[in-house]
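Subject: Handing over the structure

Hi,

Here is the structure I promised to pass on. Have a look at it first, and then read my notes below.

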Amino acid sequence: MANKLNNSLGDWEKAANQVKSRIYEETIYKGRRRPKKPFIKPFLTAAALLLFTVGTIMLTTLVVKTEETQLSSEHESFRMFDERTVEIKKYEMFYRDRRFLPPEVLEYYALSETISQYALFHHMARHDYEWDEKQRNTVRERVKKALHNEMKDDRLKAYYEKMFAELQITEEEYIDYYLVVNKEAEMLEKVLFNEGIGLDETAAYPYQDTVMVYQHLAGISKGDMNVLERWGPRRTQPIDPQPDDLPFDKVQLSLQVTTNKQGEYIFSKSINFPTYLGYTYKTFLSDIKRDIVKEELTRHSLKHYQEALRTYTSHDAQKMKWAKEIGAVLEILERTIEMNYQID
């Protein structure tokens, strides 16, 4: 049974990688290749030899009309996303997303978010609303200044420098292909609803239709996205019944545990980890964030939270108990998840 499962997962991983390669090859890289000349003459010659004159005329007319329709669709002006945007999103989602996304889903989540953003850009452009260079440069300077302020923090500076090195990008590329894109999407979404640009009869943004239009233009099929979506995390089976000696309050954390090869507790799933925290644990962690860590709980900040909880002191015995319990929870979480991003 285990072999069948492993073989099945291997097939899905192979399929997901093939889809990823095909998407990049057929969309992002396609524009960099010299287009092949259409193979029309030999086809028409063969058709003339094989078909009656009337049939030939009808067939030729049909082919020309079909090609005109396809060319019209293929040459509709639209803004194609860059592979660097997707790769940076994957890296950022791995280290700084509160959901603790596993590596298997990064391709789908990063590509989906990128498509959503560029579909919005296309929607706005079709309604004659686009940024000019002055607006773009203004926003670019703003996000660049914010980035430099962040990099005054030694921990964040080290994170950014490591990311630039591992992804082999410059600071300028990070700004242009990630920060500016995110800020543009954020600002245009506000304009979309504030001014009602292209909303449907119910005053709603036609999200699904807009995304489908953009995916079609970009040459990305629904099947491609389905393959990437289905290659997701496989939940391991929890211990049944759950142990009584767990080092945390099961009322305050609704995740179940299993064990790793070393016999240590790990969670049977970890995606969307914060949603499983009870009110008490969540509130206490919010206080730790506000008073000590100063950032959300993510892979990037996990060690900082662990250190804050390990060194936490209070005259309140209850708070000391919570600090110890949540520290144990984060230790189990660290054993459960991948902590280092692997470049494809």
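A quick word on terms before anything else: helices (H or I, at least four residues) and strands (E, at least two) are DSSP runs, numbered from the N terminus. By that rule, E113 sits in helix α5, which covers residues 103–126.

Please keep in mind that this is a predicted model, where local features need pLDDT of at least 70 and side-chain atom pairs count only at pLDDT 80 or more, while totals for chains, interfaces and linings use all residues. Residues are numbered from 1 along each chain as its sequence is written, and side-chain values use heavy atoms, with hydrogens and water left out.

The overall picture

The chain has 13 helices and 2 strands. Of its 344 residues, 39% are buried (under 20% relative accessible area; exposed means over 50%, and partly exposed is in between, with a 1.4 Å probe and protein chains only). If you take the contacts (heavy atoms within 4.5 Å) with a separation of 6 or more, 71% are between residues 24 or more positions apart.

Leaving out residues up to four places away in sequence, E113 touches K89, M93 and N182. The C-alpha atoms of E113 and V86 are 8.6 Å apart, although the two are 27 residues apart along the chain.

M124 is also in helix α5. Is M124 buried or exposed? M124 is buried, as its relative accessible area is 0%. Beyond its neighbours within four places in sequence, M124 is in contact with Y129, L188, V191, L192 and I197. M124 and E189 are 65 residues apart along the chain, and 9.3 Å separates their C-alpha atoms.

Now for the partner helix. The axes of α5 and helix α8 (residues 171–195) come within 10 Å and cross at roughly 50°. (Axes are lines fitted to C-alpha atoms, for helices over the stretch in contact, and angles run from 0 to 180 degrees between N-to-C directions.) That angle makes α5 oblique to α8; under 35 degrees counts as roughly parallel, over 145 as roughly antiparallel, 65 to 115 as roughly perpendicular and the rest as oblique. On the α5 side the contact includes E113, Q117 and M124, and on the α8 side it includes N182, L188 and E189. The residues of this contact divide into 9 nonpolar, 3 polar and 3 charged (Ala, Val, Leu, Ile, Met, Phe, Trp, Tyr, Cys and Pro are nonpolar, Asp, Glu, Lys and Arg are charged, and the others, Gly among them, are polar).

Two more places to look

T85 is in helix α4, residues 83–96. With a relative accessible area of 0%, T85 is buried, and it touches T114, Y118, Y177 and V181, not counting residues up to four places away in sequence.

Helices α11 (residues 279–293) and α12 (residues 302–310) pack at about 95°, with their axes 11 Å apart. That makes α11 roughly perpendicular to α12. Here F284, L285, I288, K289, I292 and V293 of α11 meet H304, Y305, A308 and L309 of α12. By class, that is 8 nonpolar, 1 polar and 1 charged residues.

Cheers
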